[in-house]
Amino acid sequence: MGILEKISEIEKEIARTQKNKATEYHLGLLKAKLAKYRAQLLEPSKSPAAKGEGFDVMKSGDARVALIGFPSVGKSTFLSLMTSTASEAASYEFTTLTCIPGVIEYKGANIQLLDLPGIIEGAAQGKGRGRQVIAVARTADVVIMMLDATKGEVQRALLEKELESVGIRLNKSKPNIYFKPKKGGGISFNSTVTLTQCSEKLVQLILHEYKIFNAEVLFREDCSPDEFIDVIVGNRVYMPCLYVYNKIDQISMEEVDRLARRPHSVVISCGMKLNLDYLLEKLWEYLALTCIYTKKRGQRPDFTDAIILRKGASVEHVCHRIHRSLASQFKYALVWVSARQMLESLSSGVSDWSSNPSPHFLLQRGQAQSTALKEWA
Ligand SMILES: Nc1nc2c(ncn2[C@@H]2O[C@H](COP(=O)(O)OP(=O)(O)OP(=O)(O)O)[C@@H](O)[C@H]2O)c(=O)[nH]1
Ligand SMILES: [K+]
Ligand SMILES: [Mg+2]
């Protein structure tokens, strides 16, 4: 029997044991056992068997969001509020011991939300169930870092450090550096922009440190040495992150205002159901999903049945979603774009619409890969 099963057995037994003088001793013993198993689960060195137990949740739906945070910030309360899944919430730390999936239905998309055990300083080294939690976070499309608004900013910095130390980069894009190790020929170094943080000499020193003596390096962006190292090491995950400050019912309006103005931050109260709609809107934005509706000639689209894809998806992606063989026989598509979406893409400098600002135009198959589909709203 695994530790999780033992824990659940004891919890069940405690629940069905009547509380009275006669059972006092038995209940005390059960609680001691429970505490022992919980400690074992959170102390991985003594229990290698509990390694990934309870974390093997299948990916499902259109996107995956992981809830990361210190214990008792309200992750489980949030999951129970936003999805039809109930995850136990309580005032003691490490209430949640495994990964609990729920589904948020929003704009016709199914977003998988994962409740996870709290993590603490040293999580990346295996403290608590930190390693398993971080491994799940790596598989997410967006991380919600949940913070207790009543606690100091130090929480956020500590968690960022933990994730950073295992190669997760939050709200950063992949450095635009071309890097290719070679068999010979030394190091060829070029840049298309003026570099203020790295020089050829520094790049060479760093490469030598990694025992790389032959490679092609092209900086297309003014990157820092750390960013260059990320490119050499590889295996980095670049992930959008929303910092969600919960429990704002406990702090002053001035403080709420200050937190809300921080970058990538949303303030909420699960307890008083405050600002949850806005959080969903933000989450949707960070997930960068787009709704595509198909329609028959002469008929209106069925707006209850969307194909959900990443923003920037091509017509070819849409074909693949409909049927595997569709793309190979595909000739052209008529694509309608909402005026709002078109304005957004024009103002953000996306050029493929500006050359043809008609809301209704023809896409040839050859163009299919490079032209993005936009949402109809
Ligand atoms: N005042 C207040 N309390 C809240 C709010 N949200 C959650 N709580 C309380 O905070 C405590 C912890 O909530 P949980 O949902 O168990 O927190 P968690 O992050 O899942 O905790 P672990 O699973 O132990 O990591 C509970 O007592 C909740 O009732 C909120 O918005 N305001
Ligand atoms: K808790
Ligand atoms: Mg929890």
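# Notebook: strands, cores and a ligand shell

I began with strand β4, where 6 of the 7 residues are buried, so the strand is largely enclosed by the rest of the structure. Before going further I noted for myself that this is a predicted model, and I kept that in mind for every entry below.

**Neighbours of β4.** I looked up the strands that pair with β4 and found that β1 joins β4 in the parallel sense over 5 bridges, with I68 having M145 as its bridge partner in β4. I then turned to β10, which also pairs with β4 in the parallel sense, here over 6 bridges, and I saw that M146 has V244 as its partner in β10. A general point I wrote beside this is that side chains in a regular strand alternate between the two faces of the sheet.

**The nonpolar cores.** I next asked which residues have the most contacts inside the largest nonpolar core, and I found V65, A66, L67, I68, A137, M145 and V244, in a core that has 47 residues. Strand β4, which spans residues 142-148, gives the most to this core, with 6 residues. Apart from this core lies another one, of 7 residues, and I listed V203, L207, C223 and F228 among them. I went back to M145 and checked what it touches when residues up to four places away in sequence are not counted, and the list reads I68, G69, R156, L159, C241, Y243 and V244.

**The whole protein.** I recorded 12 helices and 15 strands for the protein, and I noted that buried residues make up 27% of its 377 residues. I also looked at contacts between residues at least 6 apart in sequence, and 64% of these join residues at least 24 apart.

I asked how many residues of α3 are buried, and the count is 6 of its 8 residues, so I wrote the helix down as mostly covered. The buried residues are K75, S76, T77, F78, L79 and M82, and what covers them includes β1, β2, β3, β4 and β10. I then examined the shell around ligand 1, to which helix α3 (residues 75-82) contributes the largest share, 3 residues. There are 24 residues around ligand 1, and G74, S76, T96, G118 and G271 come nearest. Sorted by class, I have this shell down as 7 nonpolar, 13 polar and 4 charged residues.

**The β2 and β3 hairpin.** I followed strand β2 (residues 100-106) into strand β3 (residues 109-115) and found them antiparallel and joined by 7 bridges. The two strands form a hairpin with 2 residues between them, and K107 in the turn has a positive phi of about 50°. I marked one pair for reference, in which I104 has I111 as its bridge partner in β3.

I located E11 in helix α1 (residues 3-16) and asked why E11 counts as partly exposed. The reason is that E11 has 13 C-beta neighbours inside 10 Å, whereas a residue needs 20 or more to be buried and 12 or fewer to be exposed. I also noted that the C-alpha atoms of E11 and L34 are separated by 7.5 Å, although the two residues are 23 residues apart along the chain.

Key: Residues numbered from 1 in each chain as written. Chains lettered and ligands numbered in written order. Predicted model: local features only at pLDDT ≥ 70, side-chain atom pairs only at ≥ 80, totals over all residues. Helix = DSSP H or I, 4+ residues; strand = E, 2+ residues; numbered from the N terminus. Contact = placed C-beta atoms within 7 Å. Core = buried A, V, L, I, M, F, W, Y, C linked by C-beta atoms within 7 Å. Pairing = 2+ DSSP bridges. Near = placed C-beta within 6 Å. Nonpolar A, V, L, I, M, F, W, Y, C, P; charged D, E, K, R; others polar.
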